[in-house]
Amino acid sequence: MANNKKILTCDVAVVGAGLVGLAAVIALAEQGKRVALIDAQQKAVKQKVQKTQEFDARIYAITPSTEAFLKRLGVWAFVDLSRVNDVEAMALWSADEEQSLRLLAEDANLSKMACIAENDNLMQALWQKVEALDVSVLMGAPCRTIHYDHDVVVLDLENGSQICASLLVAADGAHSFVRQQLAIATKTKAFNQTALVANYRIEKAHGNIARQWFGAHETLAFLPLPQQQVSIVWALETELAQALLSLTDEGLAEHVQKRSNDVLGELKPTSQAFSFALKQMTANQLIADRVVLIGDAAHQVHPMAGQGANLGFRDVIGLESLIANAHVMQDIGEFSFLRPYERARKADVLSMNTLTSGLDTLFALELPAIKKITNFGMQQLDKHASIKNILIQQAIA
């Protein structure tokens, strides 16, 4: 009986067609690598986002370094910039303090601190670039097993196909099949928090300012959108979040408006609210033999940092740089070759986790003295341009 098994041989197999996975496909294909993209889901066929269409509630704050990376890949040229909003300043409030700490891009000689873009807008831009490259795309192809055969890693698919690659890049999300198949353990920290996400039309102009309020185990962020709108991410204790989710969209808007001290006036819902549980997850290993973890497969951070997507793109930048600097005979799947990637990315993730966990703990303390110190600190920081400049550089890293 004939063996009809389809075998595809490539340099790099990328599992996961999310933002980070698509960026990895593009970055490595542009280096001349033979790349295969595999995803369990069928590609969603969508019409180009219409300028009049309501904004996607999945919003990302893209740092200038991430934007520069996407421009270098040729992706940014496909982004609908009419649906992107620059962030020229940040305003931060601690607890119930009326005085805000303001960070201005111009104080650091920058034109902007970030830009706010929708998931759908970025996905469509990435796909347009992928489709212009010589990449093998296998959608609707769930993975079944992973094994090794001499100097390749072999990915068996549910449809009977096999992918043989020198390197397997796992970009398949927080519940990564690849990570689980390789029995890579994770460290998880539960915050007992849930994030509420929604978009609102606002009464007062946002002035291209991102606003954030910190409270006890709570953060509320307003991200500016075009067309006099904002996207909000409200992280708070799960019990309270569930109670708020039971309200109508208009009822939730009233609570958001009150919590933000009416800073932008009346809020009118332009999307349904959705929620997701918050946790901090880091894989114990970011590499294995012929395997690299990137994006949510490698780490999840608290949204207080606003850096989840940027952290994933920095994974791709790190991997891209490592492979670009390899000598022509280098086996890019060798464990020893991949070690510098793991060391560098673990340091970045640890720094982000330490920052967010520390801030969450600090603002959760109910001691009056601590509240006075944090409020006093915010006021003092606002007076020191040099310290604010450092904070801006950290925010846009």
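This is a predicted model: local features need pLDDT of at least 70, side-chain atom pairs count only at pLDDT 80 or more; totals for chains, interfaces and linings use all residues.
Visitor: Why does F55 count as buried?

Guide: Buried means under 20% relative accessible area, exposed means over 50%, and partly exposed is whatever falls in between, with a 1.4 Å probe and protein chains only. F55 comes in at 4% relative accessibility, so it counts as buried. Residues are numbered from 1 along each chain as its sequence is written, and side-chain values use heavy atoms, with hydrogens and water left out.

Visitor: What is F55 in contact with, leaving aside its neighbours within four places in sequence?

Guide: Contact means heavy atoms within 4.5 Å. With those neighbours set aside, F55 is in contact with R83, E118, N199, L225, P226, Q227 and Q229. There's also T270, 215 residues apart from F55 along the chain, with 7.9 Å between the two C-alpha atoms.

Visitor: Where is the place of F55?

Guide: F55 is in the loop between β2 (35-39) and β3 (59-62). Those labels come from DSSP runs, numbered from the N terminus: helices are H or I with at least four residues, strands are E with at least two. Counted that way, the chain comes to 10 helices and 20 strands.

Visitor: R83 and E118 both turned up around F55. What makes E118 and R83 a salt bridge?

Guide: The rule asks for a side-chain nitrogen of Lys or Arg within 4 Å of a carboxyl oxygen of Asp or Glu. The closest N and O atoms of E118 and R83 are 2.7 Å apart, so the pair passes that 4 Å limit. The two come from distant parts of the chain, 35 residues apart: E118 in strand β7 (residues 114-118), R83 in the loop between α2 and β4 (85-87). Both E118 and R83 are buried, too.

Visitor: How many salt bridges does this rule give?

Guide: The count comes to 16. One of them joins the side chains of E320 and R72, at 2.9 Å from N to O. That pair also links distant parts of the chain, 248 residues apart, with E320 in helix α7 (residues 308-324) and R72 in helix α2 (residues 64-72).

Visitor: Are E320 and R72 buried or exposed?

Guide: One of each. E320 has a relative accessible area of 10%, so it is buried. R72 sits at 51% relative accessibility and therefore counts as exposed.

Visitor: What about D348 and R345: how far apart are they in helix α8?

Guide: They are 3 residues apart, about one turn of the helix. D348 is buried, and so is R345. Their salt bridge has its closest N and O atoms 2.9 Å apart. Elsewhere, salt bridges that share partners join E67, K71, D86 and K112 into one network.

Visitor: Why is E342 called buried?

Guide: Its relative accessibility is 6%, so it counts as buried. E342 is in helix α8 (residues 335-364), and it touches Q285, L286 and I287, not counting residues up to four places away in sequence. The C-alpha atoms of E342 and I287 are separated by 6.4 Å, though the two are 55 residues apart along the chain. As for the whole chain, 52% of the 397 residues are buried.

Visitor: Why does N208 count as partly exposed?

Guide: N208 has 22% relative accessibility, so it counts as partly exposed. It lies in the loop between β12 and β13 (209-215), and its phi is near 60°, a positive value in a residue other than glycine. A183 has a positive phi as well, near 55°, and isn't glycine either. At 65% relative accessibility, A183 counts as exposed; it lies in the loop between α4 (177-181) and β12 (186-202).

Visitor: What makes E203, E250, E254, D262 and E266 a negative surface patch?

Guide: Asp and Glu count as negative, Lys and Arg as positive, and His and the chain ends are not counted. Patch members need over 30% relative accessible area and no salt bridge; like charges are joined within 9 Å, and nonpolar side chains (Val, Leu, Ile, Met, Phe, Trp, Tyr) within 5 Å. Each charge is placed at NZ of Lys, CZ of Arg, CG of Asp or CD of Glu. E203, E250, E254, D262 and E266 form such a negative patch, and E250 lies in helix α6 (residues 249-259).

Terms used: Accessible areas come from the Shrake-Rupley method with a 1.4 Å probe; for residues, only the protein chains shown count as cover.
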